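This briefing concerns one residue and the interface around it. Please consult the sequence and the structure shown here.

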4 protein chains.
Amino acid sequence: MPQVKLSDLNACSKADFVAALANIFEYSPWIAERAADARPLAGVKALFEAMKAAVARAPAELQLALIKAHPDLANKTQRAAGLTVDSTAEQNSVGLDRLSDAEYEAFERVNNAYRAKFGFPYIVCVRRQTKDSILRDFERRLPNDANKEIRTAIEEICRIAALRLDQQVVSDDRLQVHGRLSTHVLDTHSGKPAAGIAVELIELSELGSSRPITRAITNSDGRTDQPLIGGRPVPIGRYELNFSVGAYFRERNVPMSDPPFLDRIPLRFAVSEPEGHLHVPLLVTPWSYATYRGS
Amino acid sequence: MPQVKLSDLNACSKADFVAALANIFEYSPWIAERAADARPLAGVKALFEAMKAAVARAPAELQLALIKAHPDLANKTQRAAGLTVDSTAEQNSVGLDRLSDAEYEAFERVNNAYRAKFGFPYIVCVRRQTKDSILRDFERRLPNDANKEIRTAIEEICRIAALRLDQQVVSDDRLQVHGRLSTHVLDTHSGKPAAGIAVELIELSELGSSRPITRAITNSDGRTDQPLIGGRPVPIGRYELNFSVGAYFRERNVPMSDPPFLDRIPLRFAVSEPEGHLHVPLLVTPWSYATYRGS
Amino acid sequence: MPQVKLSDLNACSKADFVAALANIFEYSPWIAERAADARPLAGVKALFEAMKAAVARAPAELQLALIKAHPDLANKTQRAAGLTVDSTAEQNSVGLDRLSDAEYEAFERVNNAYRAKFGFPYIVCVRRQTKDSILRDFERRLPNDANKEIRTAIEEICRIAALRLDQQVVSDDRLQVHGRLSTHVLDTHSGKPAAGIAVELIELSELGSSRPITRAITNSDGRTDQPLIGGRPVPIGRYELNFSVGAYFRERNVPMSDPPFLDRIPLRFAVSEPEGHLHVPLLVTPWSYATYRGS
Amino acid sequence: MPQVKLSDLNACSKADFVAALANIFEYSPWIAERAADARPLAGVKALFEAMKAAVARAPAELQLALIKAHPDLANKTQRAAGLTVDSTAEQNSVGLDRLSDAEYEAFERVNNAYRAKFGFPYIVCVRRQTKDSILRDFERRLPNDANKEIRTAIEEICRIAALRLDQQVVSDDRLQVHGRLSTHVLDTHSGKPAAGIAVELIELSELGSSRPITRAITNSDGRTDQPLIGGRPVPIGRYELNFSVGAYFRERNVPMSDPPFLDRIPLRFAVSEPEGHLHVPLLVTPWSYATYRGS
């Protein structure tokens with residue numbers, strides 16, 4: 001979707017307003033229609049609040065229709081028939097378009113079991129998740145009763161909407177929908193930031209295969225020029241950071257054993273707060289290392 | 001081979017002495033024969049020195065015959081035809097009887113390239129090695145000239161002999177052929193040794209698949225009752241120690257994130273001194289950990 | 001007092017038994033007299049239990065007499081008049097014979113306040129304490145009622161007796177009255193135990209001046225040959241361990257800043273369990289260090 | 001001295017220019033006079049370069065006169081007679097106005113020994129130093145020959161000038177004369193920045209008594225709102241950072257021993273680069289801590 005300025009949304013006709021925001025909530029332009037009456041809107045936060053209020057005030061059957069307007073996760077038939085552009089991009093971001101057979105089966109089981117119990121699709125804001133966490137989330141939610149799941153589905157739909165708004169509406173204020181994952185390598189052998197260390201971030205998966213997220217080289221401050229993940233939620237899940245410290249010390253002619261006691265150091269950790277700032281540093285010599293959850 | 005007491009070796013006939021030690025050096029009873037003349041031997045160290053001296057004093061062609069008496073590593077045809085009991089046990093200890101196809105091919109390439117260049121088999125004391133280190137050792141040795149390789153082969157043969165002596169001869173003294181790998185988990189959240197942590201030691205492999213070496217549970221002192229590797233050389237190679245700290249802290253009702261920031265912690269390190277004592281401890285809270293090469 | 005064997009105590013006359021153990025409980029031979037009837041005693045633990053039982057079964061007025069038989073702490077007049085040999089040694093061990101004027105006054109206030117409230121002296125097993133902890137202990141005990149303080153005084157008297165028994169009676173078993181304080185220096189710059197580091201242990205004091213307890217040099221294993229404190233209780237109190245790491249790295253020609261970032265590293269910690277094993281290691285490079293409570 | 005804008009210095013008469021900068025070099029307005037000819041000056045860096053060039057190009061006797069125009073350090077008689085305002089402020093900043101008797105004697109010895117050997121005063125840029133480092137610097141410089149000391153004195157005089165310029169001249173560019181000392185407390189028991197920790201920075205002294213530099217409380221990010229030292233050189237010397245971690249954990253009801261194993265943690269370290277950024281963090285639980293030189 002093209003970006004639109006908040007000031008334009010305040011100035012335009014109601015029809016144009018609704019057209020611009022029709023798909024912020026999947027196939028549910030009525031929400032934009034109701035939010036239009038709250039204009040002028042002070043910012044994107046106010047816009048989001050107005051849309052959430054429209055959902056909250058809607059009668060139960062309309063809320064249920066909103067929920068049912070959403071596609072299943074990773075459903076091949078629906079994908080073939082065509083999802084909205086947003087849904088497609090969101091599902092692809094978490095890798096739902098590249099599932100292994102085992103993963104497809106797992107997601108199909110989840111969708112079917114959920115739909116069989118509740119009569120509506122299993123909805124989760126996938127951009128805040130990894131494949132593993134989506135399946136864990138499902139395990140936790142399936143035992144709930146319908147009322148609780150309706151509330152949870154609405155919450156997740158609002159999270160999806162917030163991320164779409166953040167991408168489509170340009171405003172002086174910002175929704176708090178981005179997190180950050182960063183690292184820092186301190187060479188405590190020489191007492192300096194470790195520059196030139198190759199760092200790889202990998203998303204771990206219990207079901208399928210792990211997948212590389214990003215690669216970087218530490219700069220003269222021992223940090224990566226860009227955060228490992230930034231400008232978006234940090235998906236809930238398990239990760240490995242891999243640091244090539246053997247090559248680093250070898251290049252500096254630091255005496256080491258053969259093979260080097262430490263070569264590629266893996267740090268495995270989980271992300272639980274997609275909108276938080278998570279800092280995972282490494283303090284390292286050729287013979288020791290330490291890490292901790294920083295901020 | 002049945003064990004034999006050093007005192008009996010000192011007291012028995014030369015023929016019995018040679019029979020008992022005929023295969024300490026592969027298919028080369030002449031070494032035991034010459035060592036017999038050094039009796040009485042003060043201990044197993046003196047016995048080993050006498051045997052090494054016999055090898056060192058032997059003419060070049062006899063040394064070469066000793067080298068050629070050894071089998072290729074992981075050679076299917078030779079295995080089918082029958083190795084000595086000792087050679088079989090040694091090669092199996094490092095997993096040469098369970099190679100993947102890719103590994104078989106790698107070892108075949110190594111044997112052939114080496115034999116083509118030097119005219120004798122590539123010999124290494126496999127009980128001090130892993131599959132990976134054997135191949136790395138080969139890469140380093142292949143460029144050598146024949147004289148250097150004859151010396152290296154003799155050294156490796158003596159290491160093989162030392163380990164066979166250590167197993168077969170009972171004496172008051174011991175050859176220094178054993179190393180030790182140990183760990184220790186300190187829970188710095190509660191300031192106590194971490195008891196009940198599941199620990200797994202895995203041998204890593206670049207070529208084939210990693211293989212589990214041992215599993216243990218830490219005792220009330222935060223240590224394993226037995227060293228992870230002990231009573232034998234610690235094979236040169238790369239390893240992963242895996243500590244189930246998430247389960248440990250969960251059982252103690254320590255507040256954690258969901259999923260837990262740290263769950264199964266992998267420490268990857270290399271062993272370079274098979275006869276050394278290597279201690280790899282873990283200092284851990286739910287939010288931080290550290291390790292170092294201890295002794 | 002000369003040492004005596006448990007077997008001799010079992011074999012000798014009751015009079016000799018009482019004579020040998022008359023002063024295990026200060027000026028109270030009646031306790032030894034009653035314990036004599038429990039002979040034969042299986043060991044020093046059984047002997048101690050018999051003496052404790054005699055105290056526990058004694059009528060209240062006799063228990064009170066036992067309490068009143070004890071001297072004040074650090075009382076100059078009583079010291080001039082003469083304490084028992086044991087009391088003198090015990091009080092001197094904690095430095096009560098070398099108090100500053102301010103400390104004397106503090107102890108005098110404590111003794112007087114306590115005696116004024118309870119009518120008997122303030123008793124504490126000083127060999128398990130430092131000057132600071134004695135005064136802290138007093139602050140906590142003064143608000144108690146008389147019954148609780150009688151129980152506490154008896155407990156402390158039994159702790160004093162246990163330590164006297166441990167010194168005077170030779171037996172196959174031992175009372176659990178000794179603790180241990182140890183250290184270990186790991187040089188994580190070179191990946192080896194740090195040998196030759198000068199270590200100093202200092203007892204800290206809020207009231208008076210700190211006092212050095214022991215000095216040592218780390219051996220090739222990075223440890224001190226003897227524990228910093230061993231073969232006795234580790235007195236409750238606050239301590240500083242001081243490690244001369246600047247000199248250590250300078251001797252090894254490790255590049256450092258000028259002046260060195262780290263030179264003499266102080267670790268300050270408290271001891272709370274006199275009979276426990278407390279291990280306070282140091283992991284150190286010229287640019288970083290870490291410590292933790294080990295065991 | 002009142003601050004003056006660089007643009008005004010470029011625009012004003014030569015006389016005003018010299019008047020404004022007369023004392024940037026102690027009692028040596030001729031340097032400003034010569035620098036005036038270099039106008040217009042692009043910034044304070046260009047101004048400083050012009051002044052340094054004037055010094056460098058001056059004949060030897062004028063350079064010597066510049067050196068001799070400086071007062072002795074901590075000289076009571078000279079202080080009574082009156083130093084320049086700048087010299088007084090600089091000497092006071094390092095505590096030379098509050099020396100103990102022993103320190104006065106040490107400085108007097110230094111001044112006299114230096115003047116006796118070289119015939120001019122011992123000059124050092126005191127705002128980059130502590131009392132200890134001034135005396136250490138002297139020990140290193142006294143063995144030099146006169147030529148080397150003239151060069152060193154000129155260098156120190158230029159450092160003094162740079163700091164005076166930085167304070168007196170307002171320009172778009174800045175001289176690189178400031179360093180920074182900062183800290184950060186990570187509570188690895190709870191996995192969060194440690195907020196509300198009392199931190200004290202103390203300058204250590206071998207000769208006299210240590211003196212507190214600053215006190216602060218960590219904020220919600222575990223940092224102090226202002227750097228411990230900033231906006232000026234970080235004086236070369238030894239320091240102690242003291243962290244009240246016992247109180248912090250007690251307030252959070254974290255289980256601890258009694259007395260707490262860790263209470264007030266001292267980190268002792270040296271500063272060697274006054275213009276550098278030095279970060280000294282603390283990672284801490286009630287049972288462990290670590291620090292390192294960060295940046």
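Which residues does D:Thr291 touch, not counting residues up to four places away in sequence? D:Thr291 touches C:Ser288, C:Tyr289, D:Leu267, D:Val280 and D:Pro281, contact meaning heavy atoms within 4.5 Å. The model is predicted: local features need pLDDT of at least 70, side-chain atom pairs count only at pLDDT 80 or more, and totals for chains, interfaces and linings use all residues. Residues are numbered from 1 along each chain as its sequence is written, chains are lettered from A and ligands numbered from 1 in the order in which they are written, and side-chain values use heavy atoms, with hydrogens and water left out.

**D:Thr291**
- D:Thr291 lies in strand E13 (residues 288–292) of chain D; strands are DSSP runs of at least two residues, numbered from the N terminus.
- D:Thr291 counts as buried because its relative accessibility is 5%, buried meaning under 20% relative accessible area with a 1.4 Å probe and protein chains only.

**Strand pairing**
- E11(C) and E13(D) run antiparallel and are joined by five bridges; strands pair if DSSP finds at least two bridges between them.
- Opposite C:Thr291 stands D:Tyr289 in E13(D).

**Interface of chain C and chain D**
- Chain C contributes 27 residues to the contact and chain D 28 residues.
- C:Phe261, C:Arg268 and C:Tyr289 supply 28% of the area that chain C buries against chain D, more than any other three residues; buried area is the accessible area (1.4 Å probe) that two parts lose on being put together, summed over both.
- Four salt bridges cross the interface, each a side-chain nitrogen of Lys or Arg within 4 Å of a carboxyl oxygen of Asp or Glu.
- D:Arg136 and C:Asp258 form a salt bridge through their side chains (2.7 Å, N to O).

Methods. Helices (H or I, at least four residues) and strands (E, at least two) are DSSP runs, numbered from the N terminus. Buried means under 20% relative accessible area, exposed over 50%, partly exposed in between (1.4 Å probe, protein chains only).
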